[in-house]
Amino acid sequence: MSALDARLAELGITIPEVAAPVAAYVPAAVSGQLVFTAGQLPFVDGRLPATGKVGAEVSPERAAELAGIAVLNALAAVKSVIGSLDRVTRIVKVTGFVASDPSFSGQPAVLNGASTLLGDIFGDIGVHSRSAVGVAVLPLDAPVEVELIVEFA
């Protein structure tokens, strides 16, 4: 068992299978030593556990949990193209989109659900730059979507 596998087990985390694309794209693409993931929705067993706007139908706390699920799906996409997450040398950037009620302005706190989880999993190499963007609507009425740029060796 690798150190990363041991850390995931300690955290009680299982990296899921890659979520099937919902349109004409691939879950992740490699360029040089970087992996760029497509935007990942918080699918669990092929379905969204919640839909709607954050600050209306979905609480910010629930949205942060969903951002964590979406980042696990992004890690599954990374793993699918590089073979093992042990090859990750740095989480470079996280971009998160939050389907927001017009009065909601807490997008950074929602994306902390993804960022904190990456730090918990990867430690120092999980510290990254980030954008947290509020949007009117996301595919399938998902509350959050997360994409990653990851460096690997």
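Reply: Sorted by class, eight nonpolar, three polar and two charged residues line the largest pocket (nonpolar is Ala, Val, Leu, Ile, Met, Phe, Trp, Tyr, Cys and Pro; charged is Asp, Glu, Lys and Arg; the others, Gly among them, are polar). This is a predicted model, where local features need pLDDT of at least 70 and side-chain atom pairs 80 or more, while totals for chains, interfaces and linings use all residues. Numbering runs from 1 along each chain as its sequence is written, and side-chain values use heavy atoms, with hydrogens and water left out.

The pocket's volume is about 200 Å³ (an open set of 1 Å grid points over the protein atoms alone, with protein on both sides within 12 Å along at least five of seven lines; lining means an atom within 4 Å of a point; points join across faces, edges and corners, and volume is the space filled by probe spheres, 1.4 Å probes, set on them). Of its 13 lining residues, Phe-43, Val-44, Asp-45, Gly-46 and Asn-73 come closest to the centre.

Now the helices (DSSP runs of H or I, at least four residues; strands are E, at least two; both numbered from the N terminus). H1 (residues 3-11) packs on H3 (residues 107-122) at about 125°, axes 9 Å apart (lines fitted to C-alpha atoms over the stretch in contact, angles from 0 to 180 degrees between N-to-C directions). Leu-4, Arg-7, Leu-8 and Leu-11 of H1 touch Asp-120, Ile-121 and Phe-122 of H3 (heavy atoms within 4.5 Å).
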